[in-house]
Amino acid sequence: QVHFVESGGGLVQAGGSLRLSCTASGISLSINHMAWYRQAPGKQRELVAAMYSAGSTTYADSVKGRFTVSRDNAKNTVYLQMNSLKPEDSAVYYCMRLPPLDSWGQGTQVTVSS
């Protein structure tokens, strides 16, 4: 069974940075396409960043240039480096395979104060 555990969220002031981590069990992240999603209260879950098995990445326009997704194959962990954070980045962040085949983890809360 596949499980994802997200961590690294917290409260940060606008302009600050956070690094989120997603550790997987049951799959090897190096051979899967992975993505970070976020969901703010009252809004639909949206895809923020994706990293494909070959290493290429894509980003939502709203985070391009500020967020970076990376992967540590030895640790079976995917990261999301978030810089220049804005209040509108506040949400619960989740990692998931692409396409979404598994149960969602608990996510990690990111709150950006203005």
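The model is predicted: local features need pLDDT of at least 70, side-chain atom pairs count only at pLDDT 80 or more, and totals for chains, interfaces and linings use all residues. Residues are numbered from 1 along each chain as its sequence is written, and side-chain values use heavy atoms, with hydrogens and water left out. The chain has 10 strands and 0 helices; helices (H or I, at least four residues) and strands (E, at least two) are DSSP runs, numbered from the N terminus.

**Overall form**

- In sequence order the pattern reads β-β-β-β-β-β-β-β-β-β.
- The radius of gyration of the chain is 13 Å, which agrees with the value near 13 Å for a compact globule of 114 residues. This radius is taken over C-alpha atoms, and the globule rule is 2.2 Å times the number of residues to the power 0.38.
- The C-alpha trace spans about 40 × 25 × 20 Å along its principal axes.
- Of the 114 residues in the chain, 46% are buried. Buried means under 20% relative accessible area, exposed means over 50%, and partly exposed lies in between (1.4 Å probe, protein chains only).
- The chain exposes about 5900 Å², and carbon and sulfur atoms supply 49% of that area. Accessible areas come from the Shrake-Rupley method with a 1.4 Å probe; for residues, only the protein chains shown count as cover.
- Among contacts between residues at least 6 apart in sequence, 53% join residues at least 24 apart; a contact means heavy atoms within 4.5 Å.

**The six-stranded sheet**

- An open sheet of 6 strands runs in the order S2-S10-S9-S4-S5-S6, with mixed pairing. Strand S2 (10-13) and strand S6 (57-59) are the edge strands, each pairing on one side only.
- From one strand to the next, the twist averages 25 degrees. Axes here are lines fitted to C-alpha atoms, for helices over the stretch in contact, and angles run from 0 to 180 degrees between N-to-C directions.
- Strands of a sheet pair through backbone hydrogen bonds, either parallel or antiparallel. Two strands count as paired if DSSP finds at least two bridges between them.
- Strand S4 (residues 33-39) pairs with S9 in the antiparallel sense over 7 bridges. Trp36 stands opposite Cys95 in S9.

**The disulfide**

- The structure holds 1 disulfide, and this bond joins Cys22 to Cys95 (S to S 1.8 Å). The pair links distant parts of the chain, with Cys22 in strand S3 (residues 18-25) and Cys95 in strand S9, 73 residues apart.
- A disulfide is taken as a pair of cysteine sulfur atoms within 2.5 Å.
- The torsion about the S-S bond of Cys22 and Cys95 is about 55 degrees, so the disulfide is right-handed.
- Both ends are buried: Cys22 has 0% relative accessibility, and Cys95 has a relative accessible area of 1%.

**Backbone features in loops**

- The peptide bond from Leu98 to Pro99 is cis, with omega near -10 degrees. Pro99 sits in the loop between strand S9 (91-98) and strand S10 (108-113).
- Asn76 is not a glycine, yet has a positive phi of about 50 degrees. Asn76 belongs to the loop between strand S7 (67-72) and strand S8 (77-82) and is buried, with a relative accessible area of 17%.
- Ser84, also not a glycine, has a positive phi of about 50 degrees. Ser84 lies in the loop between S8 and S9 and is partly exposed, at 40% relative accessible area.
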